Amino acid sequence: MTTAVQPRKEPRRPWTPSQIVLTVLGAAVSAVFVAPIVAALLTSLKSEAEAAEIPPHWLPEIWTAQAWKALWETGNITNWFVNSLVVSVCVTTVVLTVSALAGYGFARTEFRGKKALMGVVMSGLMVSPAVLGVPLFTTVQQMGMVDTYWGMILPQCAPAAMVYILYKFFQGIPRELEEAAFIDGAGRWRVFFTIVLPLSRPSLAAVGIFTFIASWNNFLWPYMVTNNPDLMTMPNGIATVMNSYGIQWAQLMAGGLMAGLPLIIVFVFFQRQIVAGVAHTGLAGQ
């Protein structure tokens with residue numbers, strides 16, 4: 001009868017000073033980012049009178065969910081959530097399509113005026129979206145798209161940064177893979193859909209997540225282009241409720257958490273894709 005040999009456990013190595021310093025710094029940075037969320041959550045569980053007290057205190061004296069109930073009763077939360085979801089998903093879909101096609105075209109095709117056209121696209125990175133607010137609104141108004149979904153969606157679909165990210169990634173794909181497919185008789189579109197896009201999943205995921213987050217958080221443009229309460233997104237709807245009933249700090253914190261919850265969920269479930277996408281874009285050393 002043979003006895004099983006227990007694997008020998010190696011003694012745990014003591015932490016080095018550099019590991020201790022990095023751990024402490026990581027914990028401090030994490031606390032800085034988590035503290036506002038914790039403060040908002042605790043404030044949302046206070047009464048309005050207690051939330052407005054000066055100086056403020058962290059823990060509620062009386063725990064209550066009245067702010068959350070009042071926000072559901074006074075605001076059209078479901079409609080705002082659906083509007084934000086529709087706008088963000090549509091913007092993300094259009095941006096992914098346009099960015100992938102444009103980035104691949106710049107990376108793999110040669111045509112007259114390519115550098116000049118690339119410069120025009122990249123110039124979009126130098127202009128603040130706030131500067132374009134008035135001309136964009138005038139254009140949307142002349143096209144009759146004020147107070148419509150398309151009026152909120154289309155002006156957000158000019159993805160200069162996303163085109164550049166995918167352009168840099170496509171440049172890193174070995175040309176031999178495409179040339180082998182061309183020799184086998186595949187056309188440009190088949191190569192793009194069967195070879196290039198599958199290899200680009202990490203970068204496409206990162207671009208899609210970044211675009212979704214930016215569109216979901218966009219307050220200024222939906223605020224400018226729509227006055228219809230039925231078309232308001234989450235940031236605009238919550239701001240309207242706060243303006244109508246004064247500064248209700250507990251409700252404001254509850255609304256902010258409610259608007260940010262989908263983004264927290266997206267980051268928790270897709271953080272690996274975000275990190276992998278950034279690592280594969282070729283921007284880390286830029």
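Me: Is Glu-178 buried or exposed, and what is its relative accessible area?

Reply: Glu-178 is buried, because its relative accessible area is 3% and the cut-off for buried is under 20%. Bear in mind that this is a predicted model.

Me: How many salt bridges does the structure hold?

Reply: Start with the general idea. Side chains of opposite charge can pair when their charged atoms come close. Here there are three salt bridges. One of them joins Arg-108 to Glu-178, and the closest N and O atoms are 2.5 Å apart. Arg-108 belongs to helix α4 and Glu-178 to helix α9 (residues 175-183), so this pair ties together parts that lie 70 residues apart in sequence. Arg-108 counts as buried, because its relative accessibility is 8%.

Me: With which other residue does Glu-178 meet in a salt bridge?

Reply: With Arg-188, at 3.7 Å from N to O. This pair links distant parts of the chain, since Glu-178 sits in helix α9 and Arg-188 in helix α10, 10 residues apart. Arg-188 has a relative accessible area of 35% and is therefore partly exposed. Through shared partners, Arg-108, Glu-178 and Arg-188 form one network of salt bridges.

Me: Which residue forms a salt bridge with Glu-110?

Reply: Lys-114, with the closest N and O atoms 3.4 Å apart. Glu-110 is exposed at a relative accessible area of 65%, whereas Lys-114 is buried at 15%.

Me: What describes two packed helices?

Reply: The angle between their axes and the distance between the axes describe the pair. Take α10 and α11: the angle is about 70° and the axes are 5 Å apart. The two helices are therefore roughly perpendicular to each other, because that class covers 65 to 115 degrees. On the α10 side, Leu-197, Pro-198 and Leu-199 meet Arg-201, Pro-202 and Leu-204 of α11. By class, the contact has five nonpolar residues, no polar ones and one charged one.

Me: At what angle do α5 and α8 pack?

Reply: At about 130°, with axes 8 Å apart. That angle makes α5 oblique to α8. Met-118, Val-121 and Met-122 of α5 meet Ala-160, Val-163, Tyr-164 and Tyr-167 of α8. This contact has seven nonpolar residues, with no polar and no charged ones.

Me: Which residues have the most contacts inside the largest nonpolar core?

Reply: Phe-170, Val-191 and Val-196, in a core of 34 residues. Elements that give two or more residues to this core include α4 (77-108), α8 (160-171) and α10 (188-199). Setting aside residues up to four places away in sequence, Val-196 touches Tyr-104, Phe-170, Ile-173, Glu-178 and Val-191. Another core, of 14 residues, lies apart from it, and Leu-71, Trp-216, Ile-238 and Ala-254 are among its members.

Me: Where is Gly-237, and which residues is it in contact with beyond its neighbours within four places in sequence?

Reply: Gly-237 is in helix α13 (residues 234-244). With those neighbours left aside, Gly-237 contacts Trp-80 and Met-232. Trp-80 is 157 residues from Gly-237 in sequence, yet their C-alpha atoms are 6.4 Å apart in space. Gly-237 counts as buried because its relative accessibility is 0%.

Me: Which residue has a positive phi although it is not a glycine?

Reply: Asp-147, with phi of about 60°. Asp-147 lies in the loop between α6 (133-142) and α7. Its relative accessibility is 32%, so Asp-147 counts as partly exposed.

Technical notes. Residues numbered from 1 in each chain as written. Predicted model: local features only at pLDDT ≥ 70, side-chain atom pairs only at ≥ 80, totals over all residues. Heavy atoms only, no water. Helix = DSSP H or I, 4+ residues; strand = E, 2+ residues; numbered from the N terminus. Buried < 20%, exposed > 50% of the residue type's maximum accessible area, 1.4 Å probe, protein only. Contact = heavy atoms within 4.5 Å. Core = buried A, V, L, I, M, F, W, Y, C linked by side-chain atoms within 4.5 Å. Axes fitted to C-alpha atoms, helices over the stretch in contact; angles between N-to-C directions. Parallel < 35°, antiparallel > 145°, perpendicular 65-115°, else oblique. Nonpolar A, V, L, I, M, F, W, Y, C, P; charged D, E, K, R; others polar. Salt bridge = Lys/Arg side-chain N within 4 Å of Asp/Glu carboxyl O.
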